[in-house]
Amino acid sequence: MVLIQEEEISVFSKKYQLSNSEILLIALNLNGVNSKQVKNPNVTRVRFSMKPEGDEDTYFLAVSLTKNTPFTYEKGVIKFYGKEIGKAGELQEDTCDSTYFRMGKNALTLNSNSRGNCRGCRFCGTYTLDVSPEEDLTNPENMRRKIGEIKKEGNLKDLSNMKNVGIVTGCFKDEETTLNHLIMVRKIFSEYGFKGEIVYIGSQIRSEESLDKLSKIGPFALYLTVECFERREKMMKPVKSSLTLEKGRDVLRMAKKKGIQTSFLYILGLDTLKSIKEEFPKYMGLITRHPVINLLQNYKEGDDELRAKGAQDFEYYLKARRKVEKIFAKTKMRPRIWENYRAPWSKTYNGEKLNGPKI
Ligand code: SF4
């Protein structure tokens, strides 16, 4: 738990020129929520929309479910130390195997190779979750059935208006299997009129040959799962950490040269502020979109020990946020709120209002 006291909200709000609700959203994301409504003991994460008190906008959150937090969710109300801070939508149990809409119905998150079966990264909470076999979308038959369900759920005639399909998934056997899967997704989604961008979130596509093929299948984006800069072998499964930071940057460089959109995923809380300041600028010129920065959440006992020195304090996250803003302020890249429900940004960036869809 990254504890924050009630009276600290206004102190940080003044110091960092942020609204109380923006600070509360960061605190809620870091600490998770307690709720008596969830009866399944295997559920470690929940999702819900929330409209903070006094805010015009509604946000979406995916947070850990824990008793060790000052936040509660009961009957659509979020409280902080017992005081109401916002209204929330329906509480959904997050199985991480689900496929769901974002950006209205213009984007889809597809967990096609069940993350619930993937193991090995210490910061990952997905493997405590239930895995449903029908959600394995690595074969065309299941994929077509799933698209049928998506169309029905979204009341969609076809997928021609969909702009983006993000493949957020567990590791594949090897690079070739990953490549073939991505090509299969493009082919099957095209059958339903999809012409939008496929975003691959992972680290298994590494060769120039694969990138070359992917640059030719239609709009494609590569979001490399960098995750952290320090203690990489300790934090990640070998198949991920085997891609060094330098090699990862080579992959992004190659991808960008081929006209692929590029970004990377990063978990805030695993590194010292010093390495955040030193490492983020190295990606300048290699990425076409702002990095997707997730706040480190606790899913099981002992997860707090993963936090880097200093990252037990709430202010670390505000300082880190400022450091990243300083690096990217001079570019046009800004976080896309609808793309990341665990971000340290929700309303503003370096003092500017963040526009665009939130959910
Ligand atoms: S690769 Fe790591 S972070 Fe991703 S699903 Fe597998 S264990 Fe979790």
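Biologist: What share of the 359 residues of the chain counts as buried?

Modeller: In this predicted model, 40% of them do.

Biologist: What makes Pro291 count as buried?

Modeller: The cut-off is 20 or more other C-beta atoms within 10 Å. Pro291 has 21 such neighbours, so it counts as buried. You'll find Pro291 in the loop between helix H9 (273–279) and strand S13 (292–295).

Biologist: Which residues is Pro291 in contact with, leaving aside its neighbours within four places in sequence?

Modeller: Those are Ser263, Phe264, Tyr266 and Tyr283. Then there's Arg334: it sits 43 residues from Pro291 along the chain, with 8.5 Å between the two C-alpha atoms.

Biologist: How do you know that the radius of gyration of the chain agrees with a compact globule?

Modeller: Set the two values side by side. A compact globule of 359 residues would come out near 21 Å, and the chain has 20 Å, so the two agree. As for the box its C-alpha atoms fill, that's roughly 55 × 45 × 35 Å along the principal axes.

Biologist: And what is the chain built from, in helices and strands?

Modeller: The secondary structure comes to 10 helices and 15 strands. Taking contacts with a separation of 6 or more, 72% join residues 24 or more positions apart.

Biologist: Where are the domains, and how far apart are their C-alpha centres?

Modeller: Domain 1 is 1–94, and domain 2 is 96–296 + 307–341. Their C-alpha centres lie 25 Å apart. Across the boundary, 17 residues of domain 1 are in contact with 12 residues of domain 2. On the domain 1 side, helix H1 (8–16), H2 and strand S2 (59–64) each supply at least two of the touching residues. By class, that side has 10 nonpolar, four polar and three charged residues.

Biologist: What surrounds the ligand, and which residues are the closest?

Modeller: There are 11 residues around the ligand, with Arg115, Cys118, Cys121, Cys124 and Gly170 the closest. Sorted by class, the shell has four nonpolar, three polar and four charged residues.

Technical notes
Residues numbered from 1 in each chain as written. Predicted model: local features only at pLDDT ≥ 70, side-chain atom pairs only at ≥ 80, totals over all residues. Near = placed C-beta within 6 Å. Nonpolar A, V, L, I, M, F, W, Y, C, P; charged D, E, K, R; others polar. Helix = DSSP H or I, 4+ residues; strand = E, 2+ residues; numbered from the N terminus. Buried ≥ 20, exposed ≤ 12 C-beta atoms within 10 Å, placed from the backbone. Contact = placed C-beta atoms within 7 Å. Rg over C-alpha atoms; globule rule 2.2 N^0.38 Å. Domains from an automatic or database assignment.
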